[in-house]
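Colleague: I have a protein model open here and would like to talk it through. Could we begin with a single residue and then turn to the whole chain?

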Amino acid sequence: MAAQIQYAEVEVGTELPAASFPVTRATLVQYAGASGDFNPIHWNEKFAKEVGLPDVIAHGMFTMAEAIRVVTDWVGDPGAVVEYGVRFTRPVVVPNDDQGGLIEVTAKVAAKLDDNRVRVDLTAMSAGQKVLGMSRAVVELA
């Protein structure tokens, strides 16, 4: 695979297509199985509340992975992401109902760098609150 976006065609301020990612308790159980992270705050409502959380919360790394999908879908090649980092600012709460939670992600090109690379700044929100801070990716374009 190779990046589908041409460096010369991208400007600072270019907005990537936004996306929303639903999160249910079933999603969290599947992620726990794949990641090996069976911390009960991600599936046991009673335990999560006993430790001071409002409810079961999504795994931070799951939230991070869902957010970067906006970038990988845009560029057309996950391998084009050469750096990615975030700060976890608030949890994604996942109620035990038919809807669960929702992670809403927007992103835009914040800087053009050397070597056909751009820095993309992402915003990830859930329930009206920013859940990732300083969410940035460096992407190598064609």
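Colleague: Is threonine 63 buried or exposed?

Modeller: In this predicted model, threonine 63 counts as buried because its relative accessibility is 4%, and the cut-off for buried is under 20%.

Colleague: Where does threonine 63 sit?

Modeller: Threonine 63 lies in helix 3, which runs over residues 60-75.

Colleague: And which residues does threonine 63 touch, not counting those up to four places away in sequence?

Modeller: With those set aside, threonine 63 touches Ala58, Val92, Ile103, Val131 and Leu132.

Colleague: Let us move to the whole protein. How many helices and strands are there?

Modeller: The protein has three helices and five strands. Their pattern along the sequence is β-α-α-α-β-β-β-β.

Colleague: What does the C-alpha trace span along its principal axes?

Modeller: The span is about 50 × 30 × 25 Å.

Colleague: Back to burial: what share of the residues counts as buried?

Modeller: The protein has 142 residues, and 39% of them count as buried. The accessible surface comes to about 7700 Å², with 50% of that belonging to carbon and sulfur atoms.

Colleague: Which residues have the most contacts inside the largest nonpolar core?

Modeller: They are Trp74, Val120, Val139 and Leu141, in a core of 36 residues. At least two residues of this core come from each of strand 1 (15-23), helix 3, strand 2 (81-88), strand 3 (101-112), strand 4 (117-126) and strand 5 (129-140).

Colleague: Which element gives the most to this core?

Modeller: Helix 3 does, with eight residues.

Colleague: You mentioned Val139. What is valine 139 in contact with, leaving aside neighbours within four places in sequence?

Modeller: Valine 139 contacts Val71, Val75, Ala80, Val81, Val82, Asn116, Arg117, Val118 and Val120.

Colleague: What about contacts across the sequence in general: of those between residues at least 6 apart, what share joins residues at least 24 apart?

Modeller: That share is 67%.

Colleague: A change of topic: how far apart are the mean positions of the positive and negative charges?

Modeller: The mean positions are 7 Å apart, for 12 positive and 18 negative charges.

Colleague: Finally, what does the UniProt record say about residues 14-110?

Modeller: The UniProt entry, which is unreviewed, annotates residues 14-110 as "domain: MaoC-like".

How values were computed: Residues are numbered from 1 along each chain as its sequence is written. This is a predicted model: local features need pLDDT of at least 70, side-chain atom pairs count only at pLDDT 80 or more; totals for chains, interfaces and linings use all residues. Side-chain values use heavy atoms; hydrogens and water are left out. Helices (H or I, at least four residues) and strands (E, at least two) are DSSP runs, numbered from the N terminus. Buried means under 20% relative accessible area, exposed over 50%, partly exposed in between (1.4 Å probe, protein chains only). Contact means heavy atoms within 4.5 Å. Accessible areas come from the Shrake-Rupley method with a 1.4 Å probe; for residues, only the protein chains shown count as cover. Lys and Arg count as positive and Asp and Glu as negative; His and the chain ends are not counted. The place of a charge is taken as NZ of Lys, CZ of Arg, CG of Asp or CD of Glu. A nonpolar core is a set of buried Ala, Val, Leu, Ile, Met, Phe, Trp, Tyr and Cys residues joined through side-chain atoms within 4.5 Å. UniProt positions are given in the numbering used here, feature names are shortened, and annotations may be inferred rather than shown by experiment.
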